[in-house]
Amino acid sequence: LYSLILKRLVRKVARRRPIRVMFYVNNLSMWKNDKLLMLLKEDSRFEPIVVSLLYPRDSLSRKKDLEEELSTHFNKMGVDCLSGFNFKKNKTLPASIFKADIVFFPQPYINNLKDIPFNALLSYIPYGFSIEDSPIFHNSLYQNICWKYFAVSSLQKEMKVKYNYNHGANVIVCGDPLADYFLDGHTPSCSNWATDDPKLKRIIWAPHHSISSTDWLNRANFLKIADDMLETARKYKDKVQFVFKPHPMLKDKLYKNDSWGPEKTDAYYDAWNAMPNTRLADGNYVDLFITSDAMIHDCSAFTAEYLYVNKPVMYVTEKERIESFNSFAAECFQVHYHGSSIRDIETFIDNVINGNDPLFEKRTALVKDKLLPKGDETVAGNIYKELCKIFD
């Protein structure tokens with residue numbers, strides 16, 4: 001029955017001009033579709049709009065900051081950025097009021113039917129590689145019912161076939177949109193770094209938010225190494241500058257952590273902006289990656305994404321392998337340097353300073369074989385062509 005409803009809705013949308021395409025956006029860190037947005041904007045058949053979809057758990061001040069950040073970014077592109085949140089009533093606006101024909105949600109974990117606009121064609125472009133081999137990440141309600149799932153790789157499609165109730169029937173492999181940003185030849189901004197002193201190596205520390213035993217992943221090492229990382233930044237002040245690039249959800253998790261709380265968390269984040277060789281970075285990270293010399297992290301998506309710049313990268317973990325990783329993620333993990341203690345991290349930093357990178361050739365081969373898009377078309381162009389083919 002649902003497939004019949006979808007077919008009727010496709011025919012109905014195909015008759016409309018322009019077709020209103022709505023992108024929900026949580027934050028700029030997870031947003032990867034500027035290129036697609038501009039292709040749609042330049043085509044009179046489509047009317048793209050952006051709508052903020054703010055996390056309910058965030059404070060009102062945090063929501064306002066995010067709205068301002070999103071508005072600034074998209075207004076520069078000449079695209080409307082509408083508020084998806086009613087600040088007076090402190091609640092999210094229903095998607096139906098935006099009268100969209102196609103809706104792209106930023107994450108696939110929407111499980112409440114009342115939040116899903118069934119009068120629109122539901123779509124999804126992953127904000128990163130799927131590196132977990134678990135149905136928790138592949139078989140959500142939205143992934144099963146959405147009209148089109150634009151997968152970043154053939155392996156991601158295999159995961160859908162394996163785990164989804166619909167056996168991946170809605171999946172189209174188009175590539176990772178993030179690749180377009182790294183390969184477009186633009187001149188990257190260095191604004192995230194404390195200084196342009198060429199003698200200082202540039203290293204990113206990007207901790208994940210899964211600090212609690214109740215988290216699905218529960219593999220983040222932040223609580224164990226947070227204070228030591230600040231001391232390490234001070235220790236290497238004459239050789240390295242650091243950017244603290246936490247997951248957008250980490251601050252909220254720390255606010256609610258019994259050992260941290262808002263005051264300690266804010267002081268810690270502020271400390272990364274207070275030293276002469278450190279900065280705190282939020283938002284889009286493409287230029288940050290390009291202008292860095294190395295990264296230390298325990299983030300799932302970055303396990304693949306940082307490899308685009310083909311620079312030394314360390315995964316901070318208690319284990320030499322991650323049990324839940326799929327086969328592609330395991331390959332990415334093996335071209336990382338590994339460690340669990342601050343001593344291991346400082347050994348990695350020393351190697352970066354001295355130019356020691358024995359994994360370079362192995363990493364280069366993986367990037368060429370598994371990450372770079374095939375053919376001449378951009379990833380955004382692949383998704384755009386799929387939409388045009390349906391609605392021509």
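Among contacts in the protein chain between residues at least 6 apart in sequence, what percentage join residues at least 24 apart? The share is 70%, where a contact means heavy atoms within 4.5 Å.

Before selecting anything, note that this is a predicted model, in which local features need pLDDT of at least 70 and side-chain atom pairs count only at pLDDT 80 or more, while totals for chains, interfaces and linings use all residues. Residues are numbered from 1 along each chain as its sequence is written, and side-chain values use heavy atoms, with hydrogens and water left out.

**Whole chain**

Along the principal axes, the C-alpha atoms fill a box of roughly 65 × 50 × 40 Å.

Switch to a surface. The protein chain exposes about 18,000 Å², of which carbon and sulfur atoms supply 51%; the areas come from the Shrake-Rupley method with a 1.4 Å probe, and for residues only the protein chains shown count as cover. Of the 392 residues, 55% count as buried, meaning under 20% relative accessible area (1.4 Å probe, protein chains only).

**Serine 29**

Next, select strand S1 (19-25) and helix H2 (34-41); Serine 29 lies in the loop between them. Serine 29 is buried, with a relative accessible area of 7%.

Now show what surrounds Serine 29. Leaving out residues up to four places away in sequence, Serine 29 touches Lys245, Pro248, Asp282, Gly283, Asn284 and Tyr285.

Key: Buried means under 20% relative accessible area, exposed over 50%, partly exposed in between (1.4 Å probe, protein chains only). Helices (H or I, at least four residues) and strands (E, at least two) are DSSP runs, numbered from the N terminus.
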